[in-house]
Amino acid sequence: MIDTPQVAQDRIVRRKLSDEVFDRLRTMILNGELKPGDPVPAERDLMTRFGVGRPAVREALQTMHTIGLITISHGERSRVNEISPTTAFTQVDAIAQFLLTAAPENLDHLKEARKMFEVGLIKIAAEKRAEEDLEDLRMLLVEQRKELGNAQDFIRGDIAFHSKIASIAGNPIITAMAEAMLKWIFHYHTSLLHWSGREDITLEEHERIIEAIAARDPSAAAGMMEVHLDRSAANYRHHP
């Protein structure tokens, strides 16, 4: 008998027991029965509660650990994680790393996405910035200048500077997204960086960016950020 589209759509698919256990545990977190920091019930208790064997419980717990809902520690009780925009984006780090490594052309796509994202964000920063935001940016610039000649720490300073600009928007999802993109570009490709000895120019551009934000000039800030990202993008590329 050949299935019609309607028959295929209506067919009941038998689910794995571990999937059912996962759904029950996730519901316990969503309804507050298990809160961030709480220990996850022991395997034997879960087996009794759900009427399943140890393999189903262990597979469900491992899935929860993999996606960041709980942390499994050997020799200690597993605990429920606090879920935030940052932890959510952290869960795709491994996939992002694989994507950028397996298909190097995606690095250019990511740099383009970053440019669109940050040029828009800096306009918001110029409009919403407070004096303490300017103080933070200036201090980050001072700290980054101290790392001239130290590529790893200079990169960390760059990430901190751009992350701070993103945070001025006051939107935790935007901040987490910006930090994730910066991490994917910088951290996963540190070994591929091509330094042209223009770190001084980077610092000068950062200073001009701060000046534009301080002047509450969204257009000038966006233009400076665009120039900065276009120039610095060439530093991050795959080497043959």
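**View 1. Arg 216, a partly exposed residue in the loop between helices H11 and H12 of the predicted model****.** At a relative accessibility of 44%, Arg 216 counts as partly exposed, a class that lies between buried, under 20% relative accessible area, and exposed, over 50%, as computed with a 1.4 Å probe on protein chains only. The loop that holds Arg 216 runs between helix H11 (199-214) and helix H12 (218-233), where helices (H or I, at least four residues) and strands (E, at least two) are DSSP runs numbered from the N terminus. Although Arg 216 is not a glycine, its phi is positive, at about 55 degrees. Most residues other than glycine have a negative phi. This is a predicted model, in which local features need pLDDT of at least 70 and side-chain atom pairs count only at pLDDT 80 or more, while totals for chains, interfaces and linings use all residues. Residues are numbered from 1 along each chain as its sequence is written, and side-chain values use heavy atoms, with hydrogens and water left out.

**View 2. The packing of H2 against H3****.** Two packed helices are described by the angle between their axes and the distance between the axes. Here H2 and helix H3 (residues 43-50) pack at an angle of about 105 degrees with their axes 12 Å apart, the axes being lines fitted to C-alpha atoms, for helices over the stretch in contact, and the angles running from 0 to 180 degrees between N-to-C directions. The two helices H2 and H3 are therefore roughly perpendicular to each other, a term that covers 65 to 115 degrees, whereas angles under 35 degrees count as roughly parallel, over 145 as roughly antiparallel and the rest as oblique. From H2, Val 21, Arg 24, Leu 25 and Met 28 meet Leu 46, Arg 49 and Phe 50 of H3, contact meaning heavy atoms within 4.5 Å. The residues of this contact of H2 with H3 divide into five nonpolar, no polar and two charged, where Ala, Val, Leu, Ile, Met, Phe, Trp, Tyr, Cys and Pro count as nonpolar, Asp, Glu, Lys and Arg as charged, and the others, Gly among them, as polar.

**View 3. Glu 33 and Asp 19, two partly exposed residues****.** Glu 33 lies in the loop between H2 and H3 and, at 41% relative accessibility, counts as partly exposed. With neighbours within four places in sequence left aside, Glu 33 is in contact with Met 28, Asp 38 and Arg 49. Asp 19 belongs to helix H2 (residues 17-30) and is partly exposed, with a relative accessible area of 31%. Between Asp 19 and Glu 59, which are 40 residues apart in sequence, the C-alpha to C-alpha distance is 8.5 Å.

**View 4. The packing of H8 against H9****.** Helix H8 (residues 131-145) and helix H9 (residues 151-167) pack at an angle of about 170 degrees, with their axes 9 Å apart. That angle makes H8 roughly antiparallel to H9. Asp 133, Asp 136, Leu 137, Leu 140 and Gln 144 of H8 make the contact with residues of H9 that include Phe 154, Phe 161, Lys 164 and Ile 165. By class, the contact of H8 with H9 has six nonpolar, two polar and four charged residues.

**View 5. Trp 184, a buried residue of helix H10****.** Trp 184 lies in helix H10 (residues 172-186) and is buried, with a relative accessible area of 13%. The C-alpha atoms of Trp 184 and Asp 93 are separated by 7.4 Å, although these residues are 91 residues apart along the chain. Of the 240 residues of the protein chain, 37% count as buried, and the chain has twelve helices and two strands.
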